[in-house]
Amino acid sequence: MQQLRSAIHNAIARFLKNQPPARIIAVGFALLILLGAALLMLPFAVHPGAHVGPLDALFTATTSVCVTGLVTVPTFSTWSGFGQAVILLLIQIGGLGVITILSGVLITLHRRIGLGARMLIQDAFNLNTLSGMVRFVKNVILGTFAVEGAGALLYMLVFVPQYGARGVWMAVFNAVSAFCNAGMDVIGPSSLYAYVSHPLVNAVTCLLIVLGGLGYIVWWDVLRAVRGIKKQGLRSLKTLTLHSKIALSATALLIVLGAAGVWIFEHDNPLTLGTLPLGQQLQAALFQSVTTRTAGFATVPQENLRNPTALLSLLLMFIGGSPVGTAGGVKTVTVVVLATSALAAIRNKRDTVLFHRTVPRQAVAKAVAVTGMSFAICFLSTLLLSAAADANALDILYEAVSATATVGLTRGLTPTLSAWGKLIIIVTMYLGRVGPISLAIVFGTRRQSENLIKEPTEEISVG
């Protein structure tokens, strides 16, 4: 046993040694995808009589690791119990992140996490400090399993009476998929259409999606503030960090405005919400608003949404969840910082201020870079997919944004994709998950130190 522990530790150490953090993250995700595809190609990974080619196996592994949820073959009827277990494991690792899993293995083996591994954790979770990394990883893993376990137990109240013993597996799969914002399920071919009016399934799914999408930093900050209420009263909530205030307020605002928009545009659409009572309409509208935040579950057919609703969903998908969580997209904090910076420039103000705090210029520059790179990936994916797929522009754009932001919602285009279309979406999902900034570092030769000798400044015309 000791030899096995040493072998695992040495293998991880070699993988982490002398490599830029972003490169390890990108390569780790790529290797995990290839390993997952190989496992899904095994004969016993599919149901008897089903056939899955290498490209569909690669697509399924990519959408699982990248916690996207777009599928070319039905998950519930194509994959055997082993295949579904592989998919669930890939979703869990992809949601937590390769670096978190490797660090968790080292902690389990009681091995010391060196400076290099700590820097990797810092890069993977976009943290500003190297202190408390081991405790942070432990809390992330334990917190994730606790929330997923609670979600699975609540799901069982619905699925076990309906499906018997199989309902236990369905509940566990759904809980992990929802928390990791993957949007895959083993219930049936139509996502959660059958539960559009079920309050418990809707509530549990929305709660898991939001908790996963808020980010771990917000979790610990809120818990710290809540514990302080006993001593400081409600004033303790004012001690929340700027990051948490932005993430919480932006999340709440987007969910409410998104739900209101969906209901306004769809309340009289007989193909979506029109046949439901008012209470169920509001519930379905809320679910659509939450799931577009990169979760990928659906209680109404996305292809039946009216154009204004589809465009609103595109915006919500592109924004996504919050940093340091399981969600994709450019992130809520990024968009808020970008919008506030633009308003500051319009008002001819030098600094970007939020909640009476000045946002560092480096954060503003990163917000611009992340949004710009994500938009470029989305545009290129849309352009290439338009050439590879015979579909209308809105369906193609929906597919491209869904893949870029790792959402998983589709207007029925994914199962009809050609081989080239599948490859385009595979690459898009990978780029969307790994992150534009990480990829920029990966393909760069080396980080250049800041040059003390600066080039002359010259004014230009902008706008």
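Analyst: Helix α14 covers residues 278-291, that is 14 residues, and spans 20 Å from its first C-alpha to its last, close to the 20 Å expected at 1.5 Å a residue. The expected span is 1.5 Å times one less than the number of residues, and helices are DSSP runs (H or I, at least four residues) numbered from the N terminus. This is a predicted model, in which local features need pLDDT of at least 70 and side-chain atom pairs pLDDT 80 or more, while totals for chains, interfaces and linings use all residues. Residues are numbered from 1 along each chain as its sequence is written, and side-chain values use heavy atoms, without hydrogens or water.

User: Which residues are buried in α14?

Analyst: An α-helix has 3.6 residues a turn, so residues three or four places apart point the same way. Among the buried residues of α14 are Gln 281, Ala 284, Ala 285, Phe 287, Gln 288 and Val 290; buried means under 20% relative accessible area (1.4 Å probe, protein chains only). Their cover includes α10, α13, α15 and α18.

User: How is a cavity found, and which residues line the largest cavity?

Analyst: Rolling a probe the size of a water molecule over the atoms shows where empty space is left. A cavity is a set of points on a 1 Å grid over the protein atoms alone where a 1.4 Å probe fits but cannot get out, and lining residues have an atom within 4 Å of a point. The lining of the largest cavity includes Ile 209, Val 210, Leu 214, Thr 251, Val 290 and Arg 293. α10 gives the most to this lining, with 4 residues.

Technical notes. On a 1 Å grid over the protein atoms alone, a cavity is a set of points where a 1.4 Å probe fits but cannot get out, and a pocket is an open set with protein on both sides within 12 Å along at least five of seven lines; lining residues have an atom within 4 Å of a point. Helices (H or I, at least four residues) and strands (E, at least two) are DSSP runs, numbered from the N terminus. Buried means under 20% relative accessible area, exposed over 50%, partly exposed in between (1.4 Å probe, protein chains only). Contact means heavy atoms within 4.5 Å.
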